[in-house]
Amino acid sequence: MALLRLQSLNISFGDKPVLNSVDLRVNEHERIALVGRNGTGKSTLLKIVGGTIKPDAGEIIARQGLRIAYLQQDVPAEFDGSIYSVVAGGLSDAGQLLSDYQTESELLANGTGSLDKLSRLQSQLDACDGWALGQKVSETLSRMSLDPDIAFNTLSGGLKRRVLLARALLTEPDILLLDEPTNHLDITAIEWLEEHLMSLRCTLIFITHDRSFLRRLATRIIELDRGELTDWPGNFATYLTGKEAQLATEAKQNALFDKKLAQEEVWIRQGIKARRTRNEGRVRALKKLREERRQRIEVVGKAKLDINKANASGKIVIEAENVSFSFGDTPIIQRFNATIQRGDKVGVIGPNGVGKSTLIRLLLGQLTPDSGTIKTGTNLEVAYFDQLRGALNPALSAMENVGEGRDSVEINGQTKHIISYMQDFLFAPDRARAPITALSGGETNRLMLAKLFLKPSNMLVLDEPTNDLDVETLELLESLVTDYAGTTIIISHDREFIDNTVTGTLVFEGNCAVREYVGGYSDWLAQRPAVVDTQKNKTDTQNKTSQKQGVREPTHKTPDTPKVKKLSYKDQRDLEQLPEKIERMENKIDEIQTLMSQPDFYRSNNDTESIISESGRLQSELDTLYKRWEELEG
């Protein structure tokens, strides 16, 4: 059943058409991925569906009473107060009353509140049945493992997005709009989000650059390309196959069109004799062909990434032996050992705030370890992609940031005009001259890459390079990293990017331990110790301490953690049997979630409610098993 229909929508920014008479039908229980190159208007379309901007023309037909919630790409600056108040604020007037009541209760408990004000708020909540809504707020916070009393502004970016998702879900929307929901999330949080969204019964429309996330969730692909929408039923793999065939067909059609146009242009220029006898209908047809060619919007070109290469470094690039490091009294890394050789491609994996960037700075000699030694090899030339974008000057244009005052640049012995070089990174001349404050997130990342790749290097350090890049540019960056002859270190939460680029990984596994594994993210999943592996689906990895610090700490125990608790015979037997029970339960849950992820699940099953209920029951049992295991391990 259709929840929403868009008919003949048009919107332009200046003289640039973004949506050109597009149609879209959104049905119940779909998970729609909106894909397309950066800057094509995906976020604009999402905002139109969410009602935050109006189209220039066209009609939006919504089912009566339709509820739409929108989780935007950036965390709004206006949110303040406790997690409870931010989430409850999603309920409009009643939510504000609940938030005010909680705040006043806390003030009263601290001796600074007003009993009269609290009484007035209580009366208002009684009048609007606010207590029932308050119960919904509490249940939502509990389900999403959020502490209601923690201040919102102390949280990490990932936790803030989880709070805003809870706020959006509180309204029980029919359609949930998600714009880059994995931004600022670490891998654990992304996997949690995938599981949570899979269990929802509302329709999802989402934009993401995370291909693993897209493959897992999408049951339908909608592509926005040159102002037009194309509907691709099925998953991401089906879309990729169909898109490749479509582009091949379009290229053939354009080639035939251009050949005909060229022939007609030759005919019209044949001279006086031809002009005397020419067919006026043919002349009119030629004019029409010219106009069609003028109006044809070409496929957006692909970036052409290349990197300046330096002479080879020594065979041993970095050697770390028994390294430990702390910030004040907080230990970050303990007894770390690793050897990185020339040509190695190393991924760094771990939760947000755990110390990945700190590890990089230690390896590059920007920080000094408290104990242990770090030796760097000879002839090392490092190009460092800074996650914080500190290398860009906001007072300069994009072109000035890259060229640093030069009209031309040199890349591997070849001189290029700065505008031509910028076009290789998909910057049209007007965008190249734009101030960097006017650039989108994806453009800013491409700009940083353009600047970085001019520096001759034999070691490439990329700290979160994939944020906001579209899929095609991501794949091109993967190819460049794979073909790069030097050494590469990559911090990324993009599982597919890690899998496709690295030959080894350094993984933060809790208790300040960083361990080395062969292969990428998927290889680590297969190799990591059993104790770590069976904990991967724990839903309570956010404890109050980590929320207050604004970071996410892994809660699993490493294999060498000593057991200090003597167990009874029964408890010991339970502890031995729990991993197998957990594995069986996880397999059952995976089977159900695979079934639920099928595109026709909600259309071809008459017992969807019971299947979803069974999934929730099994997840609850799994949580109980984890809790029991944690008690016995403790």
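This is a working chat about a predicted model of one protein chain.

Biologist: Lys42 then, where is it found?

Modeller: Lys42 belongs to helix H1, residues 42-50; helices (H or I, at least four residues) and strands (E, at least two) are DSSP runs, numbered from the N terminus.

Biologist: Is Lys42 buried or exposed?

Modeller: Lys42 counts as buried because its relative accessibility is 10%, where buried means under 20% relative accessible area, exposed over 50% and partly exposed in between, with a 1.4 Å probe and protein chains only.

Biologist: What does Lys42 touch?

Modeller: Leaving aside residues up to four places away in sequence, Lys42 touches Leu34, Val35, Gly36, Arg37, Ile207 and Leu224. A polar atom of the Lys42 side chain lies 3.2 Å from the backbone oxygen of Arg37, a polar contact being a pair of N or O atoms within 3.5 Å in which, within protein, one must be able to donate a hydrogen and the other to accept it, with residues adjacent in sequence counting only if both atoms are side-chain atoms.

Biologist: Which backbone oxygen does the side chain of Arg31 reach?

Modeller: The Arg31 side chain reaches the backbone oxygen of Leu217 at 2.7 Å. Arg31 is in strand S3, residues 31-35, and counts as buried because its relative accessibility is 4%. The C-alpha atoms of Arg31 and Ile221 are separated by 8.6 Å, with the two residues 190 apart along the chain.

Biologist: Switching to helices, which residues of H4 are buried?

Modeller: Leu118, Leu121 and Leu125 are buried in H4. They lie on the same side of H4 because they cover an arc of only 65° around the axis, the arc being that of the directions from the helix axis to the C-beta atoms. An α-helix has 3.6 residues a turn, so residues three or four places apart point the same way. The face of H4 turned away from the buried side carries the exposed residues Asp116, Arg120 and Ala127.

Biologist: What do the buried residues of H4 pack against?

Modeller: They pack against helix H3 (92-109) and helix H5 (130-143).

Biologist: How many residues does H17 have?

Modeller: Helix H17, residues 471-483, has 13 residues and reaches 18 Å from its first C-alpha to its last, close to the 18 Å expected at 1.5 Å a residue, where the expected span is 1.5 Å times one less than the number of residues. The buried residues of H17 include Leu474, Leu477 and Val481, and the buried residues of H17 pack against several elements, among them helix H16 (441-452), S17 and S18.

Biologist: How many residues of S17 are buried?

Modeller: Strand S17, residues 459-463, has five of its five residues buried. Met459, Val461 and Asp463 point one way from S17, and Leu460 and Leu462 point the other way.

Biologist: Which strands does S17 pair with?

Modeller: Strand S14 (residues 382-385) runs parallel to S17 and is joined to S17 by four bridges, while S17 and strand S18 (residues 487-491) pair in the parallel sense over five bridges; two strands pair if DSSP finds at least two bridges between them. Val382 has Met459 as its bridge partner in S17, and Leu462 has Ile490 as its bridge partner in S18.

Biologist: Last one, what is the phi of Glu464?

Modeller: The phi of Glu464 is near 55°, a positive value in a residue other than glycine. Glu464 lies in the loop between S17 and H17, and Glu464 counts as buried because its relative accessible area is 6%.

Conventions: Residues numbered from 1 in each chain as written. Predicted model: local features only at pLDDT ≥ 70, side-chain atom pairs only at ≥ 80, totals over all residues. Heavy atoms only, no water. Contact = heavy atoms within 4.5 Å.
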